[in-house]
Amino acid sequence: MSEPRVGHIHFLNVLPLSWGFSHGMGKGLALTRGVPAELNRDIVSHRLDVSPVSSIIYAQHSEELYLLPDFCISSDGAVQSILLISKKPIEALKDDKIILTAKSATSHCLLKIILRRGYGAAPSYSIRSIAPDEPVPKDATASLFIGDDALWLYHHPPASLYCYDLGAEWKTLTGKKMVYAVWVATKAFATESPVLLQLVYDRIRHAFAKGIANKDAAIASVLAETPFTRRQLADYLGSVIRWELTDDFLDGLHTFYALAREMGLIDCVPPLKMAAVRK
C-alpha cells in the first residue's frame, strides 16, 4: 500500500506533534508541511488524504470531509498567536481597512464575527502577506496575524499600536472555547482505505502523546532556531494551546459555525461527522 498523504502545520502550535513525528511516529506517512492556507487548498483538491485544516474549511466542505476525533487546535480564552494589531482602539474601528493574513481562513471569519457582533464594526478587508516588522501597512488601520508571527508580536507588542488577542475576544463575546483547526480526512480516503485511515489516526495520537510527554525535550529542540524563550513556549504549549477535541470544544465549534452562518460567512451549520476509527 502507498503511504497516506498527511498534512502537517508548520507552526509552533503543534510542536509536540512535530516532535513525535520526528521521533518515530511519522513512519509510514508521506508528510506535507505548510501553513494552514496551503493545507486547506491541498485537502480540498485531494492532494492530501488527511490534514489539519482551518476549522471553517470543514464547514465549507463538510460533504467531502470527515472529522478525526480527539484532535484540534484550540484555546479556552487567550490564544497568544491570533492577534489584531491596530492603530485605533478596537471599539473605534468602524469602516476602516483591515489587512488579513494570507496564511489562514478561520481567523478571518473569527475577526469578522468579533468586530461585527462585539463592536458593531463593518470594516473593509483585504488579504495579503504581512510581516511583523511592518505590522500595519500605511494604507490600513489594522492587521490580522496568526501563528509564529502573531506569537512574536504578542511578546513584543509594537509601540503606539493596540494589540488584541482574538481568543480572549471570542471568550468575552460568547463565553465559549474556540477551535481554530481540526484534523479531517477526505470522504474518499476514509471510505476506500479504512486500514490506512486507522494508521494515520494512530500515528497522530501516539505522536501527540509522545511529544506532550517529552515537552521539555521538544521545546529544547527548537530554541536555537526560534525567537522565543523556553518559558514562553512552555506557557504557550499545553497551557494556552490545547489539542483535545472534547465535548466543550465541540460546543464552541458549533457556536462558531452558527455565528458564521448568521453573518453569511458559510451556507449552513454542518453536522459534525466523525471518521470511523478505533480509539
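Phe71 lies opposite Glu244 of S11. The model is predicted: local features need pLDDT of at least 70, side-chain atom pairs count only at pLDDT 80 or more, and totals for chains, interfaces and linings use all residues. Residues are numbered from 1 along each chain as its sequence is written, and side-chain values use heavy atoms, with hydrogens and water left out.

Strand S4 (residues 65-75) pairs with S11 in the antiparallel sense over 3 bridges. Strands (E, at least two residues) and helices (H or I, at least four) are DSSP runs numbered from the N terminus, and two strands pair if DSSP finds at least two bridges between them. Buried means under 20% relative accessible area, exposed over 50%, and partly exposed in between (1.4 Å probe, protein chains only).

## The open sheet

An open sheet of 5 strands runs in the order S7-S6-S8-S5-S9, with mixed pairing. Its edge strands, S7 (124-127) and S9 (162-165), each pair on one side only. Strand S6 (residues 97-100) pairs with S7 in the parallel sense over 4 bridges, and Leu100 has Ile127 in S7 as its bridge partner.

## The loop at Thr226

Thr226 is in the loop between helix H9 (215-220) and helix H10 (230-236). The residue is buried, because its relative accessible area is 18%. Beyond its neighbours within four places in sequence, Thr226 is in contact with Leu12 and Leu233; contact means heavy atoms within 4.5 Å.
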